[in-house]
Amino acid sequence: MNVLVQTLGFGIVSASIIAVGAMGFTIQFGLTNVLNLSYGATMTVAAFVAYLTEQAGINIWLGMVLGGVAGAVLTIFLGKTVFKLYARRGTRLFEMVMVTLGLGLVIEYSVDIVARDKIYSVSFPQGASFHLGAATLTASQLALVGVGIVIFLALEALLRLTRLGKALRAMAVDPGLARSCGIPTNRIVNATWLISGFLCGVAGVIYVINSLSVDYSTGLLFLPVVLAAAILGGVGSPRGALLASLLLGVVTELVAAAGFSSYSSVAAFGVLVVVLLSKPSGVLNAAARKVELTV
Amino acid sequence: MGHFSFYLSTIVVYFGIDLMAAWALNLQYGYAGVINFAFIVFQAAGAYVAGTVVLGPDTGTNSYQHYILGANLPFPVPLLAAALAGAVLSAVIGLFAVRRIRRDYQAAVMLIVSLILLQVVTSDIHLFNGANGITGIPHPLYTALGFSLSSYQWVYALWVLALCAVLYVIVERLGRSSWGRSLRAIRDQEDAAASLGLNGTLLRLEVFVIGGAIAGLSGGLLVEFIGAWSPGAWGYAETFVIFTALLVGGVGNNRGMLLGTLIVPILVLELPTFLPTIGYPGLIGAIQWIIIGLAWMLFLLLRPRGILPERRFRAPRPLADDTVRSAAARWVARVLTLGRPDMAPRGPRLGAAAGRAPVPDDVPVAGDPAVATARVRQAPSGADEG
Amino acid sequence: MSSHRYLRRRTGGTILAASLATVFALTGAAGAAPGGSSRPALAKGSGSAINEAIIIAYTGPVSFEGGAADSGVYPAVHVIDAAGGVMGHKMNIITEDDRGDPADAVPIADKLIATSSNLVGVDGPGTASSPTVVPIINAAHITDMTIGGNARFDHAHYKYMWRLVPPDPANGEAMALYAKSKHYTKVAAVFGATTGSQGDLPGVLNGLKKINATLVAQVTLTPDQASYRAEAEKIIAAHPQVIMTESDGTTAATFFSELEQLGGLVPIIGTTATDISTWLDAVRKGIGATTFKKDYTAVIDGTPQTTAATASYTDGLKAVESKVPSPWTQWVTNPYSGAQFDGIITQALAMTDAHSTTPKVYNTKIEAVTEPGKGKAVVHTYAQGVKALKQGKKIQYVGVTGLIRFDKYHNSFGNEAAVTVDTSDNPVVVQTITEQQIQKLG
């Protein structure tokens with residue numbers, strides 16, 4: 001029983017690491033329809049920004065904000081230049097995913113050149129340990145869970161309570177209709193790039209705080225689980241992404257706790273596969289709907 | 001010169017194997033639009049199986065490598081086993097991956113599959129000896145043939161090229177068969193094709209499995225040549241190399257694959273090893289990947305159909321000079337397609353009976369994928385799934 | 001129509017022909033150019049330059065191999081040239097990146113052999129690519145000093161291959177012997193799932209069995225996971241007295257910091273591969289310098305000892321500082337670079353002894369310059385060796401890694417040492433485990 005409680009505790013920590021990235025990915029994908037595989041490369045850039053701020057002696061929580069800003073700036077830049085260019089040329093959705101993959105390679109290996117192909121260690125005090133029932137978590141782990149919750153609540157509030165959020169949701173459902181209703185689509189798209197880019201950057205920093213090192217491939221290694229959570233949770237839904245992250249986090253830790261650590265991530269992706277097989281409605285509906293790039 | 005000839009034979013073998021891989025990927029992506037970002041996994045499956053079925057049973061006495069499927073199968077059974085391994089794995093993964101889902105989802109799922117399987121094989125040392133991989137795989141028939149190693153390398157190169165020639169005939173014929181046309185139909189207009197009674201998921205599964213078998217075969221040929229296989233050889237990024245050859249050479253064009261394979265794995269990746277070292281070690285490698293990334297972006301922007309775009313398939317010609325050669329090739333294709341009439345190439349007489357006249361190649365016709373694409377591009381929101 | 005068809009056919013044929021012709025032309029043109037990644041420098045000595053090649057992973061998951069190789073070979077070539085070269089021939093270094101990929105490595109090795117004139121010796125490859133590369137170099141009859149730890153080469157006959165690092169299992173067995181001396185009976189094994197990281201594991205398992213210790217937990221760490229908390233819990237639940245470990249630094253830092261947070265950190269015994277700056281630095285940051293100093297020991301190949309060989313190596317390293325990953329001081333005590341330094345010196349001494357730079361000739365003299373023997377002059381540097389040979393003496397080279405003795409499969413086991421590290425990552429020997437002890441255990 002104690003093992004189960006501890007595993008749940010770990011699962012929640014893992015989930016909060018995945019969730020921020022997944023929430024950013026899901027709103028970006030939900031609105032723009034770009035399945036952006038360069039998202040991982042953007043996380044890497046933000047992770048390096050955090051590393052540099054740590055080296056400069058700046059507080060890591062401030063580093064997290066700076067990493068987020070870096071992610072937002074890079075994302076809107078790519079959105080307004082690269083993605084827009086391709087959308088104008090009539091690039092189709094499945095071609096766009098390949099464009100983003102190529103873009104990801106270009107960014108990653110540019111970072112690799114700047115970083116001279118090295119791995120950089122980050123030292124980060126974990127703080128005191130807290131005992132919550134049978135689970136033991138450190139202050140920094142609790143802080144990461146806190147960050148996850150705060151970001152989720154803020155995102156929900158934004159989507160439900162503000163005019164921007166309403167416009168966002170309207171556009172995600174039907175961009176054409178939203179446009180004809182007088183919603184300034186361009187501004188909404190910009191807001192989406194900025195918000196999702198910020199979350200992407202923060203996610204990169206969170207990953208580094210947990211794994212304590214960064215190199216050019218950091219983001220790419222982290223991307224699959226973020227993607228899985230976003231797809232599993234239903235595209236465009238931060239709530240779904242959070243729940244999916246929880247599911248993935250707990251499943252991963254449970255399987256590892258049961259002694260099959262080689263298969264822990266497999267089990268998590270097994271969940272994704274089962275969902276695709278048994279209840280593909282979310283995915284299928286998207287396919288049946290007329291979907292276009294909105295960038 | 002002896003050493004140089006040795007090197008050259010290696011390059012020819014690699015060229016042939018990459019070419020096979022590119023054709024397999026072209027079947028899947030070029031013909032049917034399946035974005036298989038896990039392609040290298042199927043090549044690896046073939047390599048592992050072809051390797052372990054000649055290593056002998058794993059009795060556990062050998063402390064340095066453990067593996068499954070150990071056996072002592074004679075040439076050429078290991079190659080068939082490799083193709084079978086690729087096909088079986090494709091069938092399993094295809095069951096969820098080639099359903100009618102958005103193709104960008106499909107790409108993402110495939111990428112995840114590639115990373116996960118690599119991780120499983122690396123971490124679970126009981127499958128194929130984990131990270132250290134399997135080693136000591138003998139060259140097939142090396143002692144039986146009695147050649148020197150350098151002569152053997154050329155024999156092997158010719159063997160690979162001969163298989164390439166057979167494979168070319170098969171993939172071309174498959175492409176021109178009614179089955180091939182059905183693939184293009186579901187690729188370009190799945191709704192319309194479905195209304196004509198075509199089962200898109202089944203067709204995609206079929207092409208996925210055939211492509212997987214070819215990938216497995218290419219992996220088997222590679223491992224029998226190099227003698228070892230480990231996770232280092234099939235990182236997810238290896239798929240992108242072959243995909244780049246496809247995008248550059250020409251999507252849907254088997255001859256374009258020839259050009260693409262020459263340009264990407266040989267010119268872009270092999271030639272720079274002759275350059276003097278610049279900067280820190282690894283800089284050239286990083287630049288190569290940036291070039292590959294830029295190639296994807298530029299080709300998708302400026303020439304999304306590659307240097308040699310897909311040829312509109314021609315109507316059959318009722319010609320008298322139907323040679324023994326092509327008859328034999330058709331027979332091979334028929335055997336390999338297990339007698340499925342829709343996969344067999346259409347015979348001249350069949351076409352003649354249908355009363356279709358040859359059409360010059362450069363005149364666009366309805367049903368031409370190029371036309372379909374053009375239509376989609378004019379009204380993207382009207383596309384079935386982008 | 002038939003002419004149209006003919007044209008089409010020919011187009012296809014032309015493309016194929018053109019493709020093949022281009023492959024031939026490109027490789028041919030390149031073959032005519034001076035081979036290798038670095039152009040041979042103009043010979044300055046009395047003889048023409050001879051080429052020594054490094055073929056190893058400079059990129060990819062095991063790219064650390066490249067830095068260690070450069071840090072062994074460049075200093076060796078420097079001290080050889082400083083002592084007048086090999087019979088007047090200056091030595092030039094060619095580097096090839098095999099990417100740690102056994103498949104990619106094949107054409108790279110073939111190209112190296114094909115395009116390098118005057119190639120007298122090879123250093124490398126590492127564990128990942130050695131199964132495919134060693135046979136190629138052996139078939140070309142070129143003397144090869146490999147550092148691949150694969151147990152595959154423990155009992156394989158490759159006439160031109162020599163291995164100066166003990167096979168990985170020997171390192172693992174030495175770890176067990178060290179544990180026995182510290183009276184540890186409950187041991188946990190934590191090994192990363194990458195090539196190289198699992199090489200020691202069979203030795204550890206075998207060694208623990210032989211010393212009657214209990215393996216209370218065995219965990220495989222899949223690299224680059226965000227967390228290893230479940231694995232850490234498993235270790236804690238098993239209550240080991242000590243953890244034997246090898247993995248990459250990134251993975252180790254995450255794992256051990258989590259283990260520490262959970263209050264389960266016990267003494268750690270690392271391997272030769274954890275005794276490198278990147279690993280030490282990452283884990284030290286992960287668990288804190290004080291805890292690290294208290295809990296970390298490594299069992300490494302060779303016995304770091306200060307002889308004339310060390311001084312010669314240090315001088316060489318300093319002289320080629322710009323060519324090795326900084327800080328250069330980290331390599332002084334790195335057993336891999338030390339072994340590769342010894343490998344090149346051994347080759348050069350064998351050439352001098354054989355009066356030939358031709359591998360087919362001097363390869364038979366390798367053991368003649370390393371094997372202990374009565375009346376042999378023990379030398380620690382290249383200059384000493386050349387001088388003794390000129391005086392007509394027989395020599396035994398004892399290098400940076402100590403005694404070199406090849407068995408009939410050309411493996412030199414050598415002694416091992418348990419070390420701790422000081423603040424600048426230099427090893428401090430706490431115990432020596434001899435070759436005989438390890439062999440006896442086996």
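**Strand pairing and chain contacts**

In chain C of this predicted model, strand β6 (residues 186–192) pairs with β7(C) in the parallel sense, over 7 bridges. Within this pairing, Ala189(C) lies opposite Gln218(C) of β7(C).

**The sheet of chain C**

- An open sheet of 7 strands is formed in chain C, with mixed pairing and the order β7-β6-β8-β9-β10-β13-β14.
- The edge positions belong to β7 (214–221) and β14 (427–433) of chain C; each has a single partner strand, so one side of each is left without a neighbour in the sheet.
- On average, neighbouring strands of this sheet are turned by 25° against each other, direction ignored.

**Chain C as a whole**

- Chain C contains 15 helices and 14 strands.
- Of its 442 residues, 62% count as buried.
- Among the contacts in chain C with a separation of 6 or more, 72% are between residues 24 or more positions apart.

**The interface of chains A and B**

- Contact between these chains involves 44 residues of chain A and 40 residues of chain B.
- On the side of chain A that touches chain B, at least two residues each are supplied by α4 (93–114), α9 (218–232), α11 (264–278) and α12 (281–288) of chain A.
- Helix α4(A) provides the largest share of that side, with 16 residues.
- By residue class, the side of chain A that touches chain B comprises 30 nonpolar, 6 polar and 8 charged residues.

Technical notes
Residues numbered from 1 in each chain as written. Chains lettered and ligands numbered in written order. Predicted model: local features only at pLDDT ≥ 70, side-chain atom pairs only at ≥ 80, totals over all residues. Pairing = 2+ DSSP bridges. Helix = DSSP H or I, 4+ residues; strand = E, 2+ residues; numbered from the N terminus. Axes fitted to C-alpha atoms, helices over the stretch in contact; angles between N-to-C directions. Contact = placed C-beta atoms within 7 Å. Nonpolar A, V, L, I, M, F, W, Y, C, P; charged D, E, K, R; others polar. Buried ≥ 20, exposed ≤ 12 C-beta atoms within 10 Å, placed from the backbone.
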